[in-house]
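User: I am new to this structure and would be grateful for a close look at its aromatic rings. Please describe how they are arranged and what surrounds them.

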Amino acid sequence: MNSFKEVFEQYQWDEVKTRLEKVTISEVRNSLQKRNRTLDDFLNLLSPAASQELELMANMTRALTQKRFGKTIQLYAPLYLSNECQNICTYCGFSLDNNLRRKILSDSELMIESTVLKSMGVNHVLLVSGEANKIVGVPYFQNAVRLLRPHFSNISIEVQPLKESEYKLLHEEGVHSVLVYQETYHQEVYKEYHPKGKKSNFYFRLDTPDRIGRAGIHKMGLGVLLGLEDWRVDSFFNALHIDYLQKQYWKSKFSVSFPRLRPAEGIIEPNFIMEDKDLLQLICAYRIWNEDLEISISTRENENFRNHIVALGATTMSAGSKTNPGGYAVDKESLEQFETSDERSMEEIKTMIKKSGYDPVMKDWDAVYSGV
């Protein structure tokens, strides 16, 4: 059975870091001139040297995104199901060692939340929960998807890593895509960030996208938590992972997200500060390397950045987000996973997108297209 682990173990963190530092501006320009680009080109575009060509990279990114995706931005909203979690993660507000009031949405509360989302025009919902297998496990997710499927054209999930058989069950229920983040590919320090719980198993999490792919899920989303470790090195490993997955599970689609550490109850300060220009460079590097990759920007980012990224590579954005269970209506004071930065409503985001000359899309997929 194939596994990304075999590819991952061919690379060393410090060697990748050294390669990035040694990239020259001529190597960057050579990568920009190519028609078909490899992971080596992605590394060049990710390097400190490439920051000198950021304006050219941004113009190329705009053109490539419009060619592949048109002038459209897919909008979605997260629906947090629970803040129960059995992991200790040093950067997360839901961490087990955080003394907070835990909550799991009941069926009736779930439907109240969904009604609010529908009133906002949401047709693509992302179901999110903390990682608590025993009390918020697959049966709970199956039930939630069954309740919500008649009301939304697109249901995605961001929950604890599951078994392949469990992903197949959720796929049969109508789950369209699964998001799972490795957080950091720096194996040596991973345990320091995840000292307790199932999430502390680095390789079980690393193999999760393989299980998603084998289960036949239509789309999977990857990313790293920007701020834990060197964003350039982590992002190279994330691209390495995507490159492997696209070759292995070529029927699936792929997206990448860019969560930067945001304030939350009890979390650590970022180890590495990532400036807006760094995030722009990273987005450009992904787009120039991989024209088919969907690029998602969440409300973690501030208004100014999100306003400008509409025309610079983004294909998907969340809006009007609440990151606490019941946050839209039934329990607005429950603890959020992290603070949002862009707090504008869905309508305000749609207006902003239109003013940028783009079309906000509330529905671009229907289960009928895949026979689900």
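This is a predicted model: local features need pLDDT of at least 70, side-chain atom pairs count only at pLDDT 80 or more; totals for chains, interfaces and linings use all residues.

Analyst: One aromatic cluster is formed by F4, F8, Y11, W13, Y185, Y190, F202, Y203, F236, F237 and Y244. Across the whole structure, a search finds 18 aromatic pairs. The rings of F4 and F8 provide one example: their centres are 6.1 Å apart and their planes meet at 50°, so the pair is classed as tilted. Both residues belong to helix α1 (residues 4-8), where 4 residues, about one turn of the helix, separate them. F4 and F8 are also both buried.

A second tilted pair consists of F42 and Y286. The centres of these two rings lie 4.8 Å apart with the planes at 50°, so this pair too is tilted. It links distant parts of the chain, since F42 is in helix α4 (residues 39-46) and Y286 is in helix α13 (residues 276-289), 244 residues apart. F42 has a relative accessible area of 0% and is therefore buried. Y286, at 1% relative accessibility, counts as buried as well.

Charged side chains also accompany some rings. K5 lies over the face of Y203, a member of the aromatic cluster, at 4.4 Å from the ring centre. R260 is placed over the face of F305, at 5.9 Å from the ring centre.

Strand β2 has pairing partners in β1 and β3. Strand β1 (residues 72-82) is joined to β2 by 5 bridges, and the two run parallel. Within this pairing, L79 has L127 of β2 as its bridge partner. Strand β3 (residues 154-158) is likewise joined to β2 by 5 bridges, again in parallel. Here V128 stands opposite E158 in β3. Between β2 and β3 the chain passes through helix α7 (residues 138-148), and this β-α-β crossover is right-handed.

Definitions and conventions:
Residues are numbered from 1 along each chain as its sequence is written. Side-chain values use heavy atoms; hydrogens and water are left out. Rings of Phe, Tyr and Trp (its six-membered ring) pair if their centres lie within 6.5 Å; planes under 30 degrees apart count as stacked, over 60 as edge-to-face and the rest as tilted. Buried means under 20% relative accessible area, exposed over 50%, partly exposed in between (1.4 Å probe, protein chains only). A charge sits over a ring if NZ of Lys or CZ of Arg is within 6 Å of the ring centre and within 35 degrees of the ring normal. Two strands pair if DSSP finds at least two bridges between them. A crossover is right-handed if, with the strands pointing away from the viewer, the path from the first strand over the helix to the second runs clockwise.
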